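Here is a short report on how one protein chain packs.

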Amino acid sequence: MRMAIIGGGIAGLAAAYELEQARKAGAAVEYTLFEAQERLGGCLASEIVDGAVLEFGPDSFLTEKPAAAELCRELGLGAELTPSNDSHRKTYIVVRNRLVPLPDGLMFLVPTKLIPTALTRLFSLRTKFRMGLELLLPPCGRDQDESVAALVERHFGREVVERLADPLLSGIFGGDSTLASARAVLPRLVEMENEYGSLTRGMLAAHRKMRASANATARKNGKPTGASMPRSAFTALRGGMQQLVDALTARLDQASVRLSTPVSGIERTDGGWRVEAGDATKHYDTVILALPAWAAGALLGRVDAVLGEELSAIPYSSSITVNLIYDESQLGRLPQGFGFLVPAVEGRTMLACTFVHRKFLGRTPHGKAVFRAFLGGTKGEGLLAKQDAELLATVRRELSEILSEAIFSQMEEPEHAQVSRWRRSMAQYSVGHQERKQRIAERVAALTGLRLAGNAYDGIGIPDCIRLGRQAAKELLVSRV
Ligand SMILES: Cc1cc2nc3c(=O)[nH]c(=O)nc-3n(C[C@H](O)[C@H](O)[C@H](O)COP(=O)(O)OP(=O)(O)OC[C@H]3O[C@@H](n4cnc5c(N)ncnc54)[C@H](O)[C@@H]3O)c2cc1C
């Protein structure tokens with residue numbers, strides 16, 4: 001069987017790895033991985049500068065989603081997995097130029113601890129009062145999807161949207177809470193609203209269930225209850241995400257990889273698919289499109305116009321990361337914690353900043369500090385056109401202003417600075433995403449030998465992209481046996 005994978009980001013690499021494993025195990029499979037750029041990995045890229053790991057794209061993956069760590073272990077990278085430094089996990093929100101810590105007990109935007117919520121400087125008295133009243137809301141089922149902002153505002157008020165939901169969505173996904181789908185982005189909260197009404201009561205009940213099940217497991221294993229070790233929230237690779245790309249690349253059949261080869265067209269044939277890349281057109285039995293949805297839509301438009309339009313209608317945002325290395329002696333006392341998020345109402349260019357040396361230990365030399373600023377998102381497309389020097393000056397100025405209480409008022413020139421631009425890279429799950437995903441799945445099912453993978457469908461993070469890539473390859477292998 002001849003199989004084409006189009007797109008060599010993490011989803012395409014995971015699919016190719018699965019096919020290579022099958023080939024080595026004796027399956028009659030040949031594959032070609034087409035990648036438009038001169039390197040594999042897509043958004044995953046990093047380098048080590050003077051001993052400091054600089055991540056250009058993602059810096060880690062969610063530990064609770066196992067697909068990424070599992071793949072790393074399979075590739076022999078188990079010893080490289082680095083947990084986030086959760087004993088110092090604290091995230092700040094910028095409120096009128098000051099860093100205010102997120103209160104303890106916030107789960108998926110929902111306050112679950114009375115005292116920290118009552119004492120936090122993040123919310124006004126009025127909002128805290130409203131949070132108390134939220135406990136009384138009765139169950140309510142909604143037929144229609146709505147935005148994350150609408151769901152959060154109905155429960156906790158506008159201030160929680162502005163100071164929490166919006167900065168979290170823009171700082172993590174480059175998104176906009178007024179556009180993002182509650183059903184796709186916060187499905188657990190939507191279920192809780194249906195069952196309990198109050199999200200706080202729903203979250204507390206879920207927490208009790210989780211504790212009871214952890215205690216039951218501990219009892220079964222003869223361990224003391226209540227003593228289970230919390231897992232770190234994030235997992236990184238000691239040498240950076242490029243390690244994962246390199247390990248995957250090394251496992252592939254090098255003759256099956258075509259770099260700098262954008263696919264310009266695909267067509268259905270009687271028994272499969274014709275793929276056009278460069279001057280060559282070749283026949284394949286199956287095709288995996290591991291591309292951003294807009295790129296998949298452009299290729300599929302000629303095969304199924306409706307499918308092409310559905311894919312092209314999934315919005316994407318662009319992002320920019322800026323890494324700055326400093327000698328810690330140049331800085332004052334930086335607050336503890338992983339970094340901060342900047343609400344749009346603060347009127348700043350930066351969306352978020354990670355204190356890299358604090359979030360993951362052992363990836364920055366002793367005495368050095370690495371800041372990783374995040375810019376762009378749905379409201380910041382125009383920034384992509386700016387020169388590096390201008391972006392660096394903006395980040396340094398805003399860092400100096402936001403951290404002015406902690407560090408020297410004017411940040412010096414960094415020892416090293418690096419800027420990465422990621423154009424139309426982050427899929428946005430806008431209101432109605434689940435329904436669109438279903439319509440896309442139905443049309444893809446009608447096209448034998450075709451699968452889609454990538455961040456546009458069922459999770460934007462690395463673990464979901466890996467899961468979907470591997471699943472696409474497995475399904476096609478089984479369908480053709
Ligand atoms: C700045 C940033 C920070 C992030 N942070 C995190 C994080 O911390 N944790 C996390 O889990 N996720 C994070 N993400 C999200 C995650 O990295 C991405 O969703 C994921 O890497 C996307 O992988 P992909 O394979 O679907 O797509 P991509 O990485 O976009 O790969 C698609 C590939 O297809 C290629 N291509 C496009 N058109 C063609 C064509 N016609 N022919 C051939 N090839 C083509 C492209 O060149 C590209 O290499 C982040 C993303 C960004 C941009």
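At what angle do helix 2 and helix 16 pack, and how far apart are their axes?

## Helix 2 against helix 16

The model is predicted. In this model, helix 2 (residues 67-74) packs on helix 16 (residues 462-479) at an angle of about 70°. The two axes are 7 Å apart. Angles of 65 to 115 degrees count as roughly perpendicular, so helix 2 is roughly perpendicular to helix 16.

From helix 2, the contact takes A67, A68, L71 and E74. Helix 16 supplies I462, P463, I466, R467 and R470. By class, the contact of helix 2 with helix 16 holds 6 nonpolar and 3 charged residues, with no polar ones.

## Helix 8 against helix 9

Helix 8 (residues 187-196) meets helix 9 at an angle of about 105°. Here the axes lie 8 Å apart. Helix 8 and helix 9 are therefore roughly perpendicular to each other.

On the helix 8 side, R188, L189, M192, E193 and Y196 make the contact. On the helix 9 side, L199, R201, G202, M203, A205, A206 and K209 do. The residues of this contact divide into 7 nonpolar, 1 polar and 4 charged.

Which residues of helix 4 are buried? In helix 4 (residues 125-134), they are T127, K128, M131 and E134.

What covers the buried residues? The cover includes strand 10 (110-111), helix 3 (114-119) and helix 5 (148-156). Helix 6 (158-173) and helix 9 (199-220) are also part of the cover.

## Nonpolar cores

The largest nonpolar core has 108 residues. Within this core, I6, L244 and L289 touch the most other members. Helix 1 (residues 10-24) gives the core its largest share, 9 residues.

What does I6 touch, not counting residues up to four places away in sequence? The list is F34, V263, I266, V275, V287, I288, L289, A290, L291 and L299. One of these, L289, is itself named with I6 among the residues that touch the most other core members.

Conventions:
Residues are numbered from 1 along each chain as its sequence is written. This is a predicted model: local features need pLDDT of at least 70, side-chain atom pairs count only at pLDDT 80 or more; totals for chains, interfaces and linings use all residues. Side-chain values use heavy atoms; hydrogens and water are left out. A nonpolar core is a set of buried Ala, Val, Leu, Ile, Met, Phe, Trp, Tyr and Cys residues joined through side-chain atoms within 4.5 Å. Buried means under 20% relative accessible area, exposed over 50%, partly exposed in between (1.4 Å probe, protein chains only). Helices (H or I, at least four residues) and strands (E, at least two) are DSSP runs, numbered from the N terminus. Contact means heavy atoms within 4.5 Å. Axes are lines fitted to C-alpha atoms, for helices over the stretch in contact, and angles run from 0 to 180 degrees between N-to-C directions. Angles under 35 degrees count as roughly parallel, over 145 as roughly antiparallel, 65 to 115 as roughly perpendicular and the rest as oblique. Ala, Val, Leu, Ile, Met, Phe, Trp, Tyr, Cys and Pro count as nonpolar, Asp, Glu, Lys and Arg as charged, and the others, Gly among them, as polar.
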